[in-house]
Amino acid sequence: MSAMRFERIELKNWKNFPSVDVKLASRVFLIGPNAIGKSNFLDAFRFLRDLVVEGGGLAQALKSRGGLGRVRSLHAHRDPEVALKTTVLNPTSGARWCYEVSFTHETRNGHVPVVALERVTAVEPGGSRLLLDRPNDNDRGDLKARTQVAIQQAPANKTFRELADFLASVSYLHLVPQLLREEAPPPAERLTADPYGRDLLGIIRDTNPRARNERLKLINSVLKTVVPDFLELKMQPDSHGRPHLVVKFEHWRRYGARQDEVQFSDGTLRFIGFLWALQDKAGPLLLEEPELSLHPAIVQRLAPFIHRAQVAGGGRQVIVSTHSPDLLSDEGIAPEEVLLVRPGTRTGGSEIIVGAADEAILQLMESGIPASEAALPRTNPQQVPDFGTLFP
Ligand SMILES: Nc1ncnc2c1ncn2[C@@H]1O[C@H](COP(=O)(O)OP(=O)(O)OP(=O)(O)O)[C@@H](O)[C@H]1O
Ligand SMILES: [Mg+2]
């Protein structure tokens, strides 16, 4: 596996995490109860991407999240800075990038978010080089300079462009079938491809025909095995040039029956989005609960499928949030690949540990017990009340 990937991430005062410091495998399964912070954790990677994508930057990344007040942890007391630090590994060269950024409100000048610290280190087998260390001379007395991160500026990030490009390559998918069907225009302030799948059809249309056909071919072979009477999936524009996915089904009519995405089932649409995204050769992919709307028999095959797709795609990293025992029942999942999000023991809010760091989970998984039994039950809410009894 040779693609660049996140090797470690540290967060301070990020949403419901006062403090996080975890190592990340090439494939990660994020588990934990509802509202514990799984999506917030994925959002830290999206935030790093939003800092560097075109039209992004610090101010925009915060604005699209409702401002710094929404991002900063409500659990922060004395130490009000929000900080993200990540180590990115290039497995081909063995080199690493370390990127660290923290920001806070400048209170004297109308409460604008400003960079408190920004640092880039290149860690090579021969030693480390500090390429950026802010605040620096340019920042002193220049409030405007401090409202931007250097990594968002092409002239300033010249010596660490590889890192900026890597962060920009992060993608996120949480396809909502009804949004895709409705052709609702995605909100204008979006920085990247729509995570909810509203522009999936346009993306498929705009992919070069060879790559598109290759990807649709695999999607076709998979759908044939799971959708009854499925014959063929194609991309077809309508008379206005709008792209549509058209499926031909086996039918008593001689030429089969056709349907487009409006009629596809929720599971079919979500599965198409999943299969398309996994075949991208781009950077890290964040997948939100890929099990939704799918039959358990399919969900049981998702983890090995993700692994195969990673190998075929040059080893890109995939980080998945899930609640599914079926998905986690795959015995190929290693304890290093499981991240447990749980209530914080010391600080309030939530914390994250790697499955391998918990002796009991490690022992169980090493003896062949799958993550669904060894790790998932450990994330059960402390008490799940019988809420049926709450009816008056
Ligand atoms: N700035 C913040 N400080 C503290 N808590 C926050 C902050 N922003 C959001 N939260 C909390 O994070 C929780 C939501 O977290 P998130 O959406 O990541 O949950 P999740 O684990 O993905 O849950 P689910 O499994 O239901 O999708 C909410 O309860 C919300 O109150
Ligand atoms: Mg969530």
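**A hairpin, an open sheet and a surface patch**

Strands β1 and β2 form a hairpin with 2 residues between them, and Lys15 in the turn has a positive phi of about 50°. The model is predicted, with pLDDT of at least 70 needed for local features and 80 or more for side-chain atom pairs, while totals for chains, interfaces and linings use all residues. Residues are numbered from 1 along each chain as its sequence is written, chains are lettered from A and ligands numbered from 1 in the order in which they are written, and side-chain values use heavy atoms, leaving out hydrogens and water.

Helices (H or I, at least four residues) and strands (E, at least two) are DSSP runs numbered from the N terminus; two strands pair if DSSP finds at least two bridges between them. Strand β1 covers residues 5–14 and includes Leu11. Leu11 counts as buried because its relative accessibility is 3%; buried means under 20% relative accessible area, exposed over 50%, and partly exposed in between (1.4 Å probe, protein chains only). Beyond its neighbours within four places in sequence, Leu11 is in contact (heavy atoms within 4.5 Å) with residues including Pro18, Phe41 and Leu84. The C-alpha atoms of Leu11 and Val82 are 7.8 Å apart, although 71 residues separate them along the chain.

Next comes an open sheet of 6 strands, ordered β8-β12-β13-β3-β14-β15, with mixed pairing. Its edge strands, β8 (171–173) and β15 (350–354), each pair on one side only. From one strand to the next, the twist averages 20°; axes are lines fitted to C-alpha atoms, for helices over the stretch in contact, and angles run from 0 to 180 degrees between N-to-C directions. Strands β8 and β12 (residues 285–288) run parallel and are joined by 3 bridges, with Leu173 opposite Leu287 in β12. Helix α1 (residues 38–52) packs on the sheet, its direction making about 150° with that of β12. Helix α9 (residues 266–278) lies across β8, β12 and β13, at about 165° to β12.

Finally, to the surface: Val384, Phe387 and Leu390 form a nonpolar patch there, with about 370 Å² of accessible area together. Areas come from the Shrake-Rupley method with a 1.4 Å probe, and for residues only the protein chains shown count as cover. Patches are made of residues with over 30% relative accessible area and no salt bridge, joining like charges within 9 Å and nonpolar side chains (Val, Leu, Ile, Met, Phe, Trp, Tyr) within 5 Å; a salt bridge is a side-chain nitrogen of Lys or Arg within 4 Å of a carboxyl oxygen of Asp or Glu. Leu390 counts as exposed because its relative accessibility is 65%.
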